[in-house]
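Please examine the structure shown below before reading the report. The text should be read alongside it.

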Amino acid sequence: MKFTKMHGLGNSYIYVNVFEETLKEEELPELAVNVSNKNTGIGSDGMILIGPSETEDIQMRIFNADGSEAKNCGNGLRSVAKYAYENQLVKKESFTVETLGGAVKAHVYPSNDNKTVERIAVDMGAPRLYKKDIPMKGEPHTTTVDEAIEVDGQILMMTAVSMGNPHAVFFVDNITQAPVEQIGPLLEKDDMFPESANIEFVEMVSENEMHFRVWERGSGITQACGTGACAAVVAAILTNRTKKGIPVTVHLLGGDLEIIWTENNSVWMTGPAVTIGHGEYKK
Ligand SMILES: N[C@@H](CCC[C@H](N)C(=O)O)C(=O)O
């Protein structure tokens with residue numbers, strides 16, 4: 001199986017071009033687990049398939065390192081956009097990508113010779129806030145904004161946001177002391193999230209800057225999470241820490257993303273994507 005390894009701010013995936021490779025549906029979860037293993041596989045946070053779409057210009061499917069299929073991936077979308085443009089799967093700078101979490105619009109900024117792309121903006125669409133859309137247990141048409149929950153004997157204030165995939169965001173005073181490894185795995189699989197959740201910790205620096213750490217559903221601690229960064233900015237706005245229309249620089253372990261929730265209810269994410277290399281994986 002031919003593959004390309006790419007990363008967005010250190011959040012790396014094995015990308016498979018399924019316009020060319022034929023993979024069986026039933027082998028995908030195990031393949032994702034195997035390629036992601038850093039000792040016996042290639043080493044990554046999961047596997048992403050780039051393929052044809054019946055409704056959009058291209059399709060992305062994302063599998064976490066534990067083989068679970070997720071509905072969206074921000075860092076993956078920027079890498080998919082770069083790959084699709086550089087490999088001429090799309091021939092325009094703005095195009096649409098189908099994900100299980102809905103369709104999104106990507107815009108690539110190519111080099112002068114049009115051959116390479118380093119920076120990509122993605123319109124991730126409107127955040128979904130109702131419990132039924134996260135999904136979360138409870139009244140389907142209510143939201144979770146700065147709501148107290150008890151985890152591991154601690155009371156934490158949680159804001160829940162779906163960016164096509166589920167996120168629970170917690171604001172902390174000092175990001176270096178955020179209990180990512182302690183609370184992340186406990187909350188990820190808590191009963192209140194029937195499909196599990198990505199868990200994020202955020203320290204506000206100002207209304208246009210924040211520090212961010214993540215425990216990703218199905219992959220654990222990663223260097224960055226694009227949908228998580230979008231959810232964090234939405235949560236900061238919902239809890240009056242910043243405002244719609246103000247660009248926010250999100251400092252993740254692997255680097256920075258620019259996020260803005262616009263007045264017309266779209267969350268834009270702008271940042272880099274990098275190709276690490278290509279190879280052939282013996283299945
Ligand atoms: N790293 C991603 C998110 C990948 C999926 C996530 N772990 C989930 O299960 O929802 C990103 O950059 O958004």
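## Two domains

The model is predicted. Its chain is divided into domain 1, covering 2–125 + 271–280, and domain 2, covering 131–265. Taken over C-alpha atoms, the centres of domain 1 and domain 2 are separated by 23 Å. In the contact, 23 residues come from domain 1 and 22 residues from domain 2.

## The buried side of helix H1

Which residues of helix H1 are buried? Within this helix, which spans residues 28–36, the buried residues are Leu28, Leu31, Ala32, Val35 and Ser36. These residues lie on the same side of H1, because they cover an arc of only 120° around the axis. An α-helix has 3.6 residues a turn, so residues three or four places apart point the same way.

The cover over the buried residues of H1 includes strand S2 (11–17), strand S3 (46–51) and strand S4 (58–64).

## The cavity between the domains

The count comes to one cavity of 30 Å³ or more. The largest cavity holds about 90 Å³ of space. Where does the largest cavity lie? Domain 1 and domain 2 both give residues to its lining, so the largest cavity lies between them.

The lining of the largest cavity comprises 16 residues, and those nearest its centre are Asn72, Asn165, Asn198, Glu216 and Thr227.

Note on methods
Residues numbered from 1 in each chain as written. Predicted model: local features only at pLDDT ≥ 70, side-chain atom pairs only at ≥ 80, totals over all residues. Heavy atoms only, no water. Buried < 20%, exposed > 50% of the residue type's maximum accessible area, 1.4 Å probe, protein only. Helix = DSSP H or I, 4+ residues; strand = E, 2+ residues; numbered from the N terminus. Arc of directions from axis to C-beta. Contact = heavy atoms within 4.5 Å. 1 Å grid on protein atoms, 1.4 Å probe; cavity = no way out; pocket = protein on both sides within 12 Å on 5 of 7 lines; lining within 4 Å. Points joined across faces, edges and corners; volume = space filled by probe spheres on them. Domains from an automatic or database assignment.
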